[in-house]
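Here are some notes to read alongside the model. Please keep the sequence and the 3D view open as you go.

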Amino acid sequence: MNWWLLTLTFIAVNLDFFVLLLLFLKRFSLCAVLIGYLLGMFSLLVLSYVLGQTLAHWLPEWLLGGLGFLPIYLVIRGDEDEETVPEQRHSAVITVLLTYLTVCAGCNLSVFIPVLLGQSLVGFLETVAYLTVLTVLVVVLLKRISQLAVVNQILDRYGERLMRLSYLVIGLYVLFDSGFIAHIMRLIKLL
C-alpha cells in the first residue's frame, strides 16, 4: 500500500468534514464525535472495498484504472455538499454518523473504490487500522485547535482548493498506477 497516497486520500475526502468536526467538537463530547466518525468511516471503507473487489473480479485492472476519473470529476464538478450541521434529533454519535454519511458518502466511495482496488484482505485491514489511527489523531488534534481563529480562517480561504488539488493528484495516481494511461497509449499507437 502506498501510505502517502492513503494519507492524502484520507485528508482529501475528509477535508470538508473537518470543518464540521470543529463544530461538532464544540457541541458534543470528544468520545461521541470520535465514535460517530469512526462508524461512518468504517461503513464507507467496507462498502468501497467490497465494491472494488466485485469490480476487480469481472474487469481487468487497467480498465478499472479508469475509476481514477472519478476524483478528477469531483474537481471539475465543484462541491455541492452542504456544510451545515443538522439540527440534533438523535444522540451525538448518530448525529455525527449520519452527517458523515450524508456529506462524505459520494466522495469517499468515488475516491476510495479506486484506491482500495486490488488490495488483499490483509492489505485492507492494514488500511483500516492506519485510517483508524489517522482518524483518532485528527479528532484529538481538531479538539485541541478548535479554539484557534487562525485555523478557521485558513480553512475558509484555502480548504476548497486544497481538497480539489488532492482529488486531482489521487485521480492521476490511480490512472497511471493501474496502467490505464499506458494501455490507452498502446491502443492509440495501434491506430
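**Notes on the model**

1. Start at A182, which lies in helix 8, residues 180-190. Keep in mind that this is a predicted model. Is A182 buried, partly exposed or exposed? Its relative accessibility is 36%. Buried would need a value under 20%, and exposed one over 50%. A182 therefore counts as partly exposed.

2. Stay with A182 and look for W62. The two are 120 residues apart in sequence. In space, their C-alpha atoms are 8.5 Å apart.

3. Now the chain as a whole. How many helices and strands does it have? The protein chain has 8 helices and 0 strands. Read from the N terminus, its elements run α-α-α-α-α-α-α-α.

4. Contacts across the sequence come next. Take the contacts between residues at least 6 apart in sequence. Of these, 89% join residues at least 24 apart.

5. On burial and surface: the protein chain has 191 residues, and 44% of them count as buried. The chain exposes about 10,200 Å². Carbon and sulfur atoms supply 69% of that area.

6. Turn to helix packing. Two packed helices are described by the angle between their axes and the distance between the axes. Helix 1 spans residues 3-27, and helix 5 spans residues 92-116. They pack at an angle of about 165°, with axes 10 Å apart. An angle over 145 degrees counts as roughly antiparallel, so helix 1 and helix 5 are roughly antiparallel to each other. Helix 1 passes helix 5 in a right-handed crossing.

7. Which residues meet where helix 1 contacts helix 5? From helix 1 they include L5, L6, T9, F10, V13 and D16. Helix 5 brings, among them, T95, V96, Y100, C104, C107 and F112. By class, the residues of this contact between helix 1 and helix 5 are 15 nonpolar, 5 polar and 1 charged.

8. Helix 1 also packs with helix 2, residues 30-58. Their axes come within 11 Å and cross at roughly 150°. Helix 1 and helix 2 are therefore roughly antiparallel to each other. Their crossing is right-handed.

9. Finally, the residues between helix 1 and helix 2. F10, N14, F17, F18, L21, F24 and L25 come from helix 1. They meet L30, V33, Y37 and M41 in helix 2. This contact of helix 1 with helix 2 has 10 nonpolar residues, 1 polar and no charged ones.

Notes:
Residues numbered from 1 in each chain as written. Predicted model: local features only at pLDDT ≥ 70, side-chain atom pairs only at ≥ 80, totals over all residues. Heavy atoms only, no water. Axes fitted to C-alpha atoms, helices over the stretch in contact; angles between N-to-C directions. Helix = DSSP H or I, 4+ residues; strand = E, 2+ residues; numbered from the N terminus. Parallel < 35°, antiparallel > 145°, perpendicular 65-115°, else oblique. Left-handed = near helix turned anticlockwise from the far one by under 90°. Contact = heavy atoms within 4.5 Å. Nonpolar A, V, L, I, M, F, W, Y, C, P; charged D, E, K, R; others polar. Buried < 20%, exposed > 50% of the residue type's maximum accessible area, 1.4 Å probe, protein only. Areas by Shrake-Rupley, 256 points an atom, 1.4 Å probe, with all protein chains shown as cover.
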